[in-house]
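Let's walk through this model together, beginning with a sheet and moving on to the helices around it. Keep the structure open as you read.

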Amino acid sequence: MKRILSLTLLLFTFACQPYKDIVIDPFAPKFVTFDQTRMYFNNVRATYYDIIPHKQSSETTTIYRYDKSVIDSTKAIIQLHIVSIPTKDNAFIMLAPNQFFKGYQHFTVHWKNTDTNQIGEIRYKQGGMPDQFLFATEVYNLLNKEDIEYEITFGDSRTPFLTTIQERNAFRLTLVDFYRLVTLL
């Protein structure tokens, strides 16, 4: 009985984060979707998302925001939206900074591994789909590591970033769903 319980706990642990060790190449963006990936997303994962109305989107474009995303304009939060265009077999990730950023579209994420004291930065300059994919993927690859602290710089401000588990999970899970949609996972 103890062996079965141990095996069940082990399987459950691995099932909770099956993609934790997979590193996505940020310089190899992919935006093409397939019928089966769109069907999986629409029938299974889309239930965890809110559809965001957008004036400029056509009838065939749908913008999704993870329903457990943190919405707080007093903190530096970048929400990720999945934009799906099924008529073109296309999807992409879209960065949506909140009002805390005061309209700045250029920012730098500074990160530090508190265990090894390794530091680095991820720069973003407003751009198209490949630029947003690059930035989000570089952050995603770090989110899968433990003991990382983040700060973000925009204009003359430097403030903590991705400080809560809820913020990190919303960022990470949105990207996992996007990567599944475009068959990177």
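S5 and S7 pair in the antiparallel sense, with six bridges between them. Strands count as paired if DSSP finds at least two bridges between them, and the elements themselves are DSSP runs numbered from the N terminus, with helices (H or I) of at least four residues and strands (E) of at least two. Before going further, please note that this is a predicted model, in which local features need pLDDT of at least 70 and side-chain atom pairs count only at pLDDT 80 or more, while totals for chains, interfaces and linings use all residues. Residues are numbered from 1 along each chain as its sequence is written, and side-chain values use heavy atoms, with hydrogens and water left out.

Now step back to the whole sheet: it is open, has four strands in the order S6-S5-S7-S8, and its pairing is antiparallel. S6 (119-125) and S8 (157-161) are the edge strands, each pairing on one side only. From one strand to the next, the twist averages 25°. S5 is mostly covered, with six of its eight residues buried (under 20% relative accessible area, using a 1.4 Å probe and protein chains only).

What lies across S5, S6 and S7? Helix H3 does, running at about 155° to S6; such angles run from 0 to 180 degrees between N-to-C directions, and axes are lines fitted to C-alpha atoms, for helices over the stretch in contact.

H3 (residues 129-143) also meets H4 (residues 165-181): their axes come within 10 Å and cross at roughly 115°. The contact (heavy atoms within 4.5 Å) includes Phe-133, Val-139 and Tyr-140 of H3, and Phe-171, Leu-175 and Tyr-179 of H4 among its residues. By class, the residues of this contact divide into 10 nonpolar, one polar and two charged, where Ala, Val, Leu, Ile, Met, Phe, Trp, Tyr, Cys and Pro count as nonpolar, Asp, Glu, Lys and Arg as charged, and the others, Gly among them, as polar.

Technical notes: Buried < 20%, exposed > 50% of the residue type's maximum accessible area, 1.4 Å probe, protein only.
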